[in-house]
Amino acid sequence: MPHLHHDSLAQVALAVPVGDFFDYLCPRHLPLPQVGMRVLVPFGRRLLAGIVVGLIDRADSQVPIAKLKPIEQILDDAPIIGDELVRLAQWLSHYYHHPLGDVYSVMLPTLINQGKAITQPIRHYRSVLSDGASDATADDIIARLPKTAKKQRAILQTLIEHPHGISQTTLMSLGATRQVLTTLQDKGLIEPFDTLPQPPMPSPATLKHPALTLNDEQAQALDAITDACDGGQYQALLLDGVTGSGKTEVYLQAMAHTLAQGKQVLILVPEIGLTPQTRARFGDRFDANICVLHSNLTDSERLIGWHDCQTGAAQIIIGTRSSVLYPFDHLGLIIIDEAHDTSYKQQDHLRYHACDVAMVRAMFAKIVVVLGTATPSLEQMKLVQDGKLHRLMLTRRAGDAKAVRYQLVDMRLGTQHTMHTDGKSSDSTLSPVTVREIRARLDKGEQV
């Protein structure tokens with residue numbers, strides 16, 4: 001009935017493979033939803049959570065009012081995505097020819113798409129020694145673990161040193177696995193507990209260790225990046241540096257400049273490069289709240305990371321390609337490490353290139369994006385030619401680093417066959433020269 005509804009209709013983007021959005025009536029018993037809020041709406045025989053992407057006058061709908069269904073429920077008190085992400089979603093949908101609702105489903109964590117609350121309880125662990133339940137000393141408790149269980153011992157030691165408990169996400173970034181935590185819990189040495197996230201109040205990021213001295217090329221590159229950041233305008237820079245030229249040190253000092261202004265820094269890394277060592281490298285330099293985002297996170301961990309980025313609690317964000325789609329409170333700099341890597345291309349659903357999206361994101365936010373690589377891709381060289389990417393060169397190796405020796409192997413001379421224990425042989429697909437060098441390194445106890 002017309003008198004039961006507001007005069008406006010909500011345009012709702014749903015994660016379905018047809019259409020960009022669908023019109024719904026706004027019932028009078030619910031407040032008028034705002035753009036960026038999630039609503040629960042009937043779609044066929046299902047109830048789906050969708051994002052309100054616009055409000056229009058009832059007369060502007062292409063569908064007769066009698067055929068429209070009302071919104072069932074408004075899921076958020078305030079918009080969960082701001083104007084910048086709405087604009088980015090529209091660009092992604094238009095540029096990559098993908099339905100808008102499906103774009104939002106890729107951009108948002110699974111639990112948000114399912115209509116769950118944004119603030120979820122956070123799983124923590126503490127040692128049983130922490131609450132005074134045991135008279136045993138820390139050494140006594142650690143001694144109960146086998147000497148070979150080094151990771152279990154290290155995690156237990158860390159928990160004993162932090163009696164108030166540590167979040168599961170932090171423990172994972174310190175090298176813990178779910179198996180290690182389950183084992184310690186089964187042995188009665190640690191216990192889980194949940195807490196609701198507190199409003200974030202991160203203190204300003206500070207340096208733990210002083211910066212290294214830069215050579216002339218590094219200093220010029222850093223000046224170019226910091227000058228661009230201070231300009232308050234969009235700029236895309238290609239940091240083209242040979243292996244060992246000290247690109248990471250330039251990143252670190254550029255990050256320090258941005259963090260000192262109270263802004264967030266996003267560092268994109270290829271999936272293969274996301275290891276605890278990557279986090280440790282930045283954690284060694286900065287006393288800051290570091291958020292790590294990658295494909296092995298649980299849905300709950302991903303939602304917590306998303307929320308920390310949105311509220312500004314996360315100051316340094318290290319993530320794989322999908323983190324370029326996250327909301328940020330005050331992003332000041334985007335760094336893309338190994339920018340030539342093919343893992344920045346999403347190959348299913350919304351097929352996007354994270355480097356391109358990062359540049360568009362930086363353009364919308366009027367900030368600087370730095371693409372770092374020793375081997376720029378052809379697309380990146382074309383952007384340099386077209387003046388859309390400013391190239392900074394690092395041609396010398398930093399510090400005492402020795403130049404890499406390369407040897408070209410002619411694969412036309414054949415590959416080496418390997419004999420297996422069952423008497424069958426197979427092609428190793430490696431040249432005899434390569435196999436010989438690998439054997440030499442392994443004999444020295446080195447890695448290849």
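Predicted model: local features only at pLDDT ≥ 70, side-chain atom pairs only at ≥ 80, totals over all residues.
**Entry 1: H5 and H7.** I took helix H5, residues 150–161, together with helix H7, residues 178–186, and found that their axes come within 10 Å and cross at roughly 70°. On the H5 side, I listed Lys151, Gln152, Ile155 and Leu156 as making the contact; on the H7 side, I listed Val180, Leu181, Thr183 and Leu184. By class, I noted five nonpolar residues, two polar and one charged in this contact.

**Entry 2: H8 and H9.** I next examined helix H8, residues 216–230, and helix H9, residues 247–260, whose axes come within 10 Å and cross at roughly 30°. With angles under 35 degrees counted as roughly parallel, I recorded H8 and H9 as therefore roughly parallel to each other. I noted the crossing of H8 past H9 as right-handed. H8 contributes Gln218, Ala221, Leu222, Ile225, Thr226, Cys229 and Asp230 to the contact, and H9 contributes Glu249, Val250, Gln253, Ala254, His257 and Thr258. I classed the residues of the H8 contact with H9 as six nonpolar, five polar and two charged.

**Entry 3: Cavity.** How many cavities of 30 Å³ or more does the structure hold? I found one. I recorded a volume of about 30 Å³ for the largest cavity. Its lining consists of Leu293, His294, Arg302, Gly319, Thr320, Ser322, Ser323 and Tyr326. I sorted the lining residues of the largest cavity into two nonpolar, five polar and one charged.

Note on methods
Residues numbered from 1 in each chain as written. Heavy atoms only, no water. Axes fitted to C-alpha atoms, helices over the stretch in contact; angles between N-to-C directions. Helix = DSSP H or I, 4+ residues; strand = E, 2+ residues; numbered from the N terminus. Contact = heavy atoms within 4.5 Å. Nonpolar A, V, L, I, M, F, W, Y, C, P; charged D, E, K, R; others polar. 1 Å grid on protein atoms, 1.4 Å probe; cavity = no way out; pocket = protein on both sides within 12 Å on 5 of 7 lines; lining within 4 Å. Points joined across faces, edges and corners; volume = space filled by probe spheres on them. Parallel < 35°, antiparallel > 145°, perpendicular 65-115°, else oblique. Left-handed = near helix turned anticlockwise from the far one by under 90°.
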